[in-house]
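Colleague: I am new to this one. Could you show me how to read its charged side-chain pairs?

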Amino acid sequence: MPMIEFKNVSKWYGHFQVLKDCTTKVEKGEVVVVCGPSGSGKSTLIKCVNALEPFQQGEVIVNSQSVGAPTTQLPQLRAKIGMVFQHFELFPHMNVTENLNLAQIKVLGRSLDEATAKSQMLLKRVGMTDHAHKFPGQLSGGQQQRIAIARGLAMDPVAMLFDEPTSALDPEMINEVLDVMVELAQEGMTMMCVTHEMGFARKVAHRVIFMDRGEIVEDSPKAEFFGTPRSERAQQFLSKILHH
Amino acid sequence: MNYHWNWGVFFQETPEGGTFYWEILLSGLGWTLAVSVVAWLIAMLAGSVIGTLRTTQNRWLTATGHCWVELFRNIPLLVQMFLWYFVIPEFVPPLKRWMVSTDPVYAQFISAVLCLGLFTSARIAEQVRAGIQSLPRGQRLAGMALGLTPLQTYRHVLLPEAFRIIIPPLTSETMNLIKNSSIALTIGLAELTFRAREIGEYTFSFFEAFTAATLVYVIISMSANRVMAVVERRVAVPGLITAGGN
């Protein structure tokens with residue numbers, strides 16, 4: 001049973017089709033990197049997993065629950081899937097610990113002490129223990145993104161989604177975030193990452209999905225994707241982002 | 001100008017005897033404060049709810065909010081005051097019977113707070129909506145992605161951020177509300193402006209009476225301003241909304 005499964009998912013904004021009949025799956029413990037040119041539908045695709053983007057056709061099944069089914073309790077489903085955004089989206093009016101505690105308390109019903117203990121443990125893990133009482137506005141981008149990852153992990157998710165987690169970062173901060181993600185991947189977390197960091201893909205991805213104009217053009221094991229991409233569009237894309 | 005100022009007027013007794021004119025002015029101030037405070041509470045409560053409704057994903061809720069705002073901000077305040085006090089009771093016979101059978105001050109007070117509260121709520125609703133819509137779209141998504149319900153996302157994420165942003169216009173709105181309360185004199189509520197006019201009419205010391213009333217309005221408005229400034233400082237978050245100033 002795959003952890004995440006897309007079955008012929010299509011989505012339109014008015015007349016414009018952003019996702020075209022997308023079918024793929026992510027097994028438990030698998031790390032899948034989604035790449036492709038801008039506007040190709042990568043972010044939209046992963047946001048279908050936790051229903052942040054509704055879709056009109058097809059089915060997405062997460063942890064054996066159909067995302068689009070009317071009986072699905074979306075808040076409960078979303079609580080089990082961590083999500084990391086391009087612009088961090090920490091809550092600016094709460095300090096770091098409060099950011100990590102909020103959903104643990106309000107959604108999972110943990111006590112303040114339980115939540116804080118969990119938060120401290122995760123802050124240690126992402127190397128942010130010293131910043132527990134700071135506000136997001138007082139932290140660098142890389143630090144904020146590590147907090148955002150910890151916030152997702154605090155919910156004990158069955159899978160993590162990453163939507164271009166390093167695209168908004170200054171170059172010298174990219175690695176501190178990627179290091180956390182690599183560690184997570186090596187621990188066996190199920191991950192779906194939209195990213196242009198091909199180094200990360202080479203290191204930890206099991207599969208790479210290449211998208212273009214709303215279609216999944218290529219969906220292959222890492223070695224195959226980097227060795228001999230079948231499609232011309234994937235070859236062009238790789239040559240553009242790798243030879244700089 | 002060779003006007004002969006007579007500030008002693010406030011320490012003269014009124015024709016009825018037993019009270020001084022400064023006491024009359026003070027009782028007017030009492031009504032001004034009472035109307036302002038109650039109307040402000042109504043305005044903040046209704047304005048927050050309506051403003052929030054206008055940012056939800058539900059078509060019916062946004063339409064309801066929209067109608068509310070347009071209804072209360074497209075009719076002149078003075079006309080609304082007359083509608084509440086003179087017109088609406090005509091269509092509600094039990095209300096009319098109650099109004100003629102009790103001290104008119106109750107009906108005046110209730111009409112005044114409803115009128116000012118709802119009029120101001122439309123304006124506050126627009127500010128709340130603007131505040132919420134000024135937040136990055138990702139904030140709502142982040143709340144939802146964590147499993148918060150829409151209500152929880154508003155309660156813990158969107159509204160606390162939006163209110164911090166809109167404190168300055170809310171301050172203006174609060175000060176406007178206080179000054180707009182003088183419109184209640186048109187339905188006979190004996191608030192500050194009403195009393196100033198009354199003193200003028202009894203003593204012909206219009207200049208003194210209105211100078212005093214003006215000063216009192218300035219003092220209340222500035223106090224409201226100071227209170228809001230303290231609130232703004234108290235809830236300020238390090239690293240947030242400081243980009244443009246201080």
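The dialogue below goes through salt bridges in this predicted model.

Colleague: What can side chains of opposite charge do?

Modeller: They can pair when their charged atoms come close. Over all chains, the count here comes to 16 salt bridges.

Colleague: Which residue forms a salt bridge with A:Glu53?

Modeller: A:Lys11 does. The closest N and O atoms are 3.3 Å apart. A:Glu53 sits in the loop between α1 (42–49) and β4 (57–62) of chain A, and A:Lys11 is in strand β1 (residues 4–13), so the pair ties together parts 42 residues apart in sequence.

Colleague: Is A:Lys11 buried or exposed?

Modeller: A:Lys11 is buried, because its relative accessibility is 2% and buried means under 20%. A:Glu53 is buried as well, at 7%.

Colleague: Now chain B. Where do B:Arg54 and B:Glu126 lie?

Modeller: B:Arg54 is in the loop between α1 (21–53) and α2 (59–73) of chain B. B:Glu126 is in helix α5 (residues 104–133) of chain B. They are 72 residues apart, so this pair links distant parts of the chain. Their salt bridge spans 2.5 Å, N to O. Both residues are buried.

Colleague: Which residues are linked with them in a network of salt bridges?

Modeller: B:Glu70, B:Arg73 and B:Arg129 join B:Arg54 and B:Glu126 in that network.

Colleague: What about B:Lys96 and B:Glu90?

Modeller: Their side chains meet in a salt bridge at 2.7 Å, N to O. B:Lys96 is partly exposed, with 33% relative accessibility. B:Glu90 is also partly exposed, at 48%.

Conventions. Residues numbered from 1 in each chain as written. Chains lettered and ligands numbered in written order. Predicted model: local features only at pLDDT ≥ 70, side-chain atom pairs only at ≥ 80, totals over all residues. Heavy atoms only, no water. Salt bridge = Lys/Arg side-chain N within 4 Å of Asp/Glu carboxyl O. Helix = DSSP H or I, 4+ residues; strand = E, 2+ residues; numbered from the N terminus. Buried < 20%, exposed > 50% of the residue type's maximum accessible area, 1.4 Å probe, protein only.
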